[in-house]
Structures are given as C-alpha cells and as structure tokens.
Amino acid sequence: MAVTIKLPTQLRTAANGQAEATASGDTVRAVLDGLSQEHPELRERLLDDGGELRRFVNVYLRGEDIRFLSGLDTQVDDGDELTILPAVAGG
Amino acid sequence: MPADALKCKECSASYPLEARYVCDRCFGPLEVSYSAPEQDAAELKRRIQAGPHTLWRYADFLPLEGTPRTALPTGWTPLMRADRLAERLGLQEVWVKNETANPTHSFKDRVVSVALARALELGFDTFACASTGNLANAVAAHAAAAGLASYVFIPADLEEAKILATGAYGGNVIGVRGNYDDVNRLCMEVSADHPWAFVNVNVRPYYAEGSKTLAFEIAEQLSWEIPDRIVAPIASGSLFTKLARGFEEWVDAGLLEAKVPVMNGAQAEGCSPVAQAFAAGTDVCRPVKPNTIAKSLAIGNPADGPYAVELARATGGSVDSVTDDEIRAGIKLLAETTGIFTETAGGVTTAVLAKLAARGDIDPAERVVVCITGDGLKTIDCARGTFEVHEIDPSVEAFETEMGPQLQAAV
C-alpha cells in the first residue's frame, strides 16, 4: 500500500526539506515505520521510547484524527493520505 | 523579569523569542521563560501600583521588549464579593472575577493584547486566529483598533451573536464547515503559507502569557494574597494552567507569600476530554467530538489538557463536568445572585462551583474565586424560555390584573 504523508514545516528538515513523502504499509504504524526507515531522524520525533505516538503529535488519515479510528493500528488503503501536525489549540 | 527564551514544556529545548510555537524535536508546546527579576519585591510592587489601570501594569511580567503598543485598554476588571451566591451554596466567601467587563466582553482581550503587542514587535502587519467565538471578537476588535488587517476563522455554526460581533469590526470572517478542531487544524496549515500572526498558532507562547494577568489582578485585588481555591473553565487548558503560573511567578518574585491554591477546572459534559482524563486517573486526554451548548469551551482536542489534569491533581483540586441543563441553571444562579449575566462558559464554571459545594469539597471558611470569562449577550439564546414576559395592554387596570396576585402574595 503506497500512502502519501504530508509533513508539517517542523519535520521537513528531517526529511530532506520535503513537504510530502510516500511510504508503504498496511497500517498507520507500518507506514510510519517505512517513513522512518527512509528518514531515520523522524522516528524519535514522532514516537516515544515505547513506540507510541508522542502526546503532542497528531496524525490524520483522510482528514480524521487516528485516535477516533484505531490509533496506530488503523488500516490504510492504497492511495490514502496521512497528515502529521503538532497539537495546538487556542479558544 | 525579562523574557529570555522560548522553552519546550516537554523536553526543555530552548529557542529564540520569535514567532514559533512548537518544539522541532518532540512537538511539545513552547512557553516563554524569564530570567530573575532585576528589581526587588518592593520596587516591583511600586512599579505595578504606578502603572495604568489595564493589564499593562504587569508589563514587567510579560514577554515584551519595549513599552506595549495596543490601542484597546484591557483588564483591571472587577473582583466582586458574591455573598448571596455564597449563601445559596452554603459557603462563606466567594468572589467573582468579572471578565465580561473587558472591551469585547471576555478574558480573550487579555491574551490578544499580549499577542498583538508582541506580533507588532516581531514585525507582523496581519492578525489571525482560530476561534470558538470570543477570541474571534477580540482579534477583530484589537486589529481594528491597531489598524491591522485580520483573518478570523470560526466554525460556521457558531452562535450568531458571536459572528455578528466579529464581523462588525470589518475584518475577514471565515466560517469553516467543521468543528473547532477542524478550524484549528486548517489554521495550522494556513499559517505555514501566509506571513500572519496567528494569535493561537505561531505567536501562541506570547498569547498564552496574557492569561497570567488574570491571576496577578486577583492577587492584587485581594490585597496581595492568593485565594484558597480557584474555579475556572477549561477549553484548551491554557487559561487554567496560566492562572497557576501567574501566582507562582509572583511568589518567586517575593510579591506573594508561598501558597498553592486548589485548582478546580470546569468543563461541559458534551465536551469533557480533560474531566474524563482526570476521572480516569490518566493525563491522556482522548479527543472527543463536541456536543454542548458551551461552544466557547468546545475544544475536543485540548493541547494543554495533560498539563491541566496534572495541575488539578497536584493542587488537590479536580476537573468536573456539568450537563447542558446544569449550565443553564448556573447562568441563572449567577445572574440572580450577583447581577452578572454570563455566557455558557460562565454557566459551566458556576455550575461546577455549585457541584463542588454540594459534594462537600469546599470548606465553608475557604476564600474561593470564580473566573467568569464571558458575557451572556454572546449566547443570548440560552436565556430564551427561562422566564415569562408579562405582556399587557398599556393600562393600569391591565397591569393590576396581570400582576395583582403576585403583588398581594409579596405583601
């Protein structure tokens, strides 16, 4: 499954300056693993020591927060789009 | 107390004082850090007392390089003793911090004042925000007062009063078909492409500092003392955590005796990710899809939620939630006992105060401060159907007929 991953500005330096990357996998976790293999510096920026998403990293699949789906175990389809954004909120 | 850096709240990485809001390393939120005050406590106090009757009297504790430049005076709102409210709840000393007295009738004027002053120092000429309504009003008004362009992003289904009171100032109002979290996410993406000061995105660390002035004022108005307990609403958790930070900074500066107020957070049941995390004994705030009349608190994915939970727990407080009916009852209780008509967020806060009192969490001898953050005219629909208008013909006879039974009963 090839998935497009949209990267926020804060992560682009760790991905050769790209705003978008592609990686393969059946689940969000597998896609992020694939992304980290290509750009090793991204792994520790996104995941904590236990391999879970850091608490201020938000990941959206087709616009939906993956915490409303099955988290990192959410299934992805070919051609899906993942967006990674930092958590920030005002009011 | 000069600001010296932006620091990550998660990993303590340090960054220069620029338009930056998130740690490049771990995505943690950035916060302004300060070096020790250059003056002793007596001198700091003199400087505050000689300052204007606005939040700029606390400029020594805000992250600005020069004299703040804003055109719309904000802050120094009344702290009112609410004996009749206290009596109704079986308490002895309750105070209401009345933030409806700000220029656009909510505490958001504070955060926007600081964000705007810093944005001007950083060279921005356009002001923007993602908002649940109150912030939209404040950004549009302060931008208009300063002669800046503004772009205000709101959920399209916001209360009409808040939309009208934003558009009135002449900026650009963008109604997004989605909830606040969708709006917020869009703004993060837009902010990467436009050189604007998004008050709650790229200048958020400065914006958030404005909430400290609420704590400073409460302490100064209580003759330089920290109250025993604070009850305040939680949306993103920023105000709640910055209240505590304000007291801490003044204790560190020697202006107040060391004391930790019990911090009680208030949420609406229809959007209570922070209260749910508190109840579950975790600091992980699982996002929710908001469904509540308290739209100004309808942030389903609260960025400062984990810190709010930690603060409530560390101070022996709590984060409670109340139903929409309790919120309406809270609005009514506050109005009837204090003369302050608050919006739904204030109904949430008052209802949580009542809940804490009924539960026996509050010692009657405690000095409690309740933060009423916004005006009832903004959520006017909630007052509909809560009372009866006596409609009569214009004659004394009609008046006596209509009101006679009630007048006799009152004798």
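Q: What makes up the division of chain B into domains?
A: In this predicted model, chain B is split into domain 1 (1-36), domain 2 (79-105 + 211-383) and domain 3 (108-208), with bounds that come from an automatic or database domain assignment. Residues are numbered from 1 along each chain as its sequence is written, and chains are lettered from A and ligands numbered from 1 in the order in which they are written. Local features need pLDDT of at least 70 and side-chain atom pairs count only at pLDDT 80 or more, whereas totals for chains, interfaces and linings use all residues.

Q: Why is B:T342 called buried?
A: A residue is buried if 20 or more other C-beta atoms, placed from the backbone, lie within 10 Å of its own, exposed if 12 or fewer, and partly exposed in between. B:T342 has 31 C-beta neighbours inside 10 Å and therefore counts as buried.

Q: Where does B:T342 lie?
A: B:T342 is in the loop between α12 (324-338) and α13 (344-359) of chain B, where helices (H or I, at least four residues) and strands (E, at least two) are DSSP runs, numbered from the N terminus.

Q: What makes β11 of chain B a largely enclosed strand?
A: In strand β11 (residues 262-268) of chain B, seven of the seven residues are buried, so the strand is largely enclosed by the rest of the structure. On one side B:V262, B:N264, B:A266 and B:A268 are buried, and on the other B:M263, B:G265 and B:Q267 are buried, which covers both faces.

Q: How do you know that β10(B) and β11(B) pair?
A: Two strands pair if DSSP finds at least two bridges between them, and β10 (residues 229-233) and β11 of chain B have five bridges, in the parallel sense.

Q: Why are the buried residues of α2 of chain A said to be on the same side?
A: In helix α2 (residues 28-38) of chain A, the residues A:V28, A:R29, A:V31, A:L32 and A:L35 are buried. They cover an arc of only 160 degrees around the axis, which puts them on the same side of α2(A); the arc is that of the directions from the helix axis to the C-beta atoms.
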